[in-house]
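Work through these exercises with the sequence and the model open. Try each task before you read its solution.

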Amino acid sequence: MKKSLSSKIFIGLFAGLLIGTAIQYMFNGIAFFDSFILGAAEGVGGMFVSLIKLLVVPLVYVSIVCGIVELKDIASFGRLGGKTFALYLINTIIAIAAALTVGMIFAPGADANLAGTIAAGTVELKATETPDIFSLITNIVPSNPIQAFASGDMLQIIFMAILTGLAIQALDHRGGPAIKTFKVANEIMMKLISLVMSLAPYGVFALMIQLGATLDANTLMSVAGYVALVIAMLVFWIFVFYPIMVGLTTGISPKTFLRAVREQILFSLSTASSNATIPVTMRTLTEKLNVSKSVAGFGVPLGATMNMSGVSIYIALAAIFVANAFGQPINSADLFTLGFTILLLSIGAGGVPGGGVVMVGVILHQLGLPPEGLAIVAAVDRINDMFCTSSNVVGDTAVNTIVAKSEGEIAETEVEDEATFAQTMRN
């Protein structure tokens, strides 16, 4: 039976760790292993990391431009579109703030000590220094776009992408050729991502040999602690935060809301795809929460693109984990820059396949952190991604339920009772 990509990555992870650990404890000092095997692993791993870095700048620019032009019809929905857009934005901001707070408190990766696993001279570690807020805002506008792309300044690139998207919108029907061009470019980037990710098992295998050769028990415990922290926060968001927010704003009890989204949670956990869960989300809203089809039809596809609260939590904690693991902890002064960057990336590039891993790579590049940390993040991505997707889609349901209530678009009939729900689940 053909193995899935996530299965291959897991195999590459454990095989690489096994070989690296064997070199450390059984074959240490033998020239063949120390020079040839580790040297080859360093070369292959470096090539894989370079491939990821190669995609970062064009991916962010093209994805955000496409996201802007595809959202241009929000204005035609007036108040409904404004409320939905604003709530998705607020939801993501709250998620980012909470994740950064939790990350700073629990400091995942603090005991990993991965800085010594990188060969000298292969990566330049540099501290993340954040200017004052005024300088940060003014520096978003680039004086030289070529230099912004060459240096990989993500905030400036994001600004140019947003500006380009708005300019294309202003052209109305004359912007059709430009829209088609960017959509084709986006499809090319998606294909490139697929090609690079197909090499992920081999890249992770090589990088894990390097890590395994110097790995200790503290590193393994730190990785497990990082995964547990991500899952715990996403579970809290799904089962506590969203039900309480819906209860406070709509009068629908948290218990009733959780009953309604049960099928949605199970489906999203199994598929790990927000887009694949859209039909289930629509059914949950219209049939179980009695939200009008007009609200659900507009809000759910929009949410699949820009409501990335779960991914934002994942990215924030992953960035803090890698920073701590490689001895470059993020200071409190850096949190605004990190949070602002995550917000822009999550909105503009929410539809990218495997977006969590790719966006973590962008953040590591932006903060000057070792991209080798991406190997660990990618290895456990499938576990985190399942819960990220559930958080995203349940958030879609929560936001659209709140919007529908404020617009009087929830049917007055009682939300599906226990007997009806049980019958639905049996069917």
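**Exercise 1. Classify M245: buried, partly exposed or exposed? Then place it in its surroundings.**

Step 1. This is a predicted model. In it, M245 has a relative accessibility of 31%.
Step 2. Buried means under 20% and exposed means over 50%. M245 therefore counts as partly exposed.
Step 3. Locate the residue. M245 lies in helix α9, which covers residues 217-250.

**Exercise 2. Classify N392 as buried or exposed, and list its contacts beyond four places in sequence.**

Step 1. Find N392 in helix α18, residues 381-406.
Step 2. Take its relative accessible area: 3%. The cut-off for buried is under 20%, so N392 is buried.
Step 3. Set aside neighbours within four places in sequence. The contacts of N392 are then S274, N307, M308, S309, G310 and V311.

**Exercise 3. Which residues of helix α12 are buried, and how are they arranged around the axis?**

Step 1. Helix α12 runs over residues 278-288. Its buried residues are V280, T281, T284, L285 and K288.
Step 2. Check their directions from the axis. They cover an arc of only 130°, which puts them on the same side of α12.
Step 3. Step past the helix end. Just after α12, N290 takes a positive phi of about 60°.

**Exercise 4. Describe the whole chain: its secondary structure, burial, contacts and surface.**

Step 1. Count the elements. The chain has 19 helices and zero strands.
Step 2. Take burial. Of the 427 residues, 50% are buried.
Step 3. Take contacts between residues at least 6 apart in sequence. Of these, 84% join residues at least 24 apart.
Step 4. Take the surface. The accessible surface comes to about 18,900 Å². Carbon and sulfur atoms hold 66% of that area.

**Exercise 5. Where is confidence in the chain highest, and where is it lowest, by helix?**

Step 1. Start with the average. The chain has a mean pLDDT of 77, and 78% of the residues score at least 70.
Step 2. Compare helices. Confidence is highest in α10 (residues 254-260), at 93. It is lowest in α19 (residues 418-426), at a mean of 45.
Step 3. Residues 117-132 have pLDDT below 50, with 28 contacts beyond near neighbours in sequence. Over residues 416-427 pLDDT stays under 50, with 16 contacts beyond four places in sequence.

Conventions:
Residues numbered from 1 in each chain as written. Predicted model: local features only at pLDDT ≥ 70, side-chain atom pairs only at ≥ 80, totals over all residues. Heavy atoms only, no water. Buried < 20%, exposed > 50% of the residue type's maximum accessible area, 1.4 Å probe, protein only. Helix = DSSP H or I, 4+ residues; strand = E, 2+ residues; numbered from the N terminus. Arc of directions from axis to C-beta. Contact = heavy atoms within 4.5 Å. Areas by Shrake-Rupley, 256 points an atom, 1.4 Å probe, with all protein chains shown as cover. pLDDT = per-residue confidence, 0-100.
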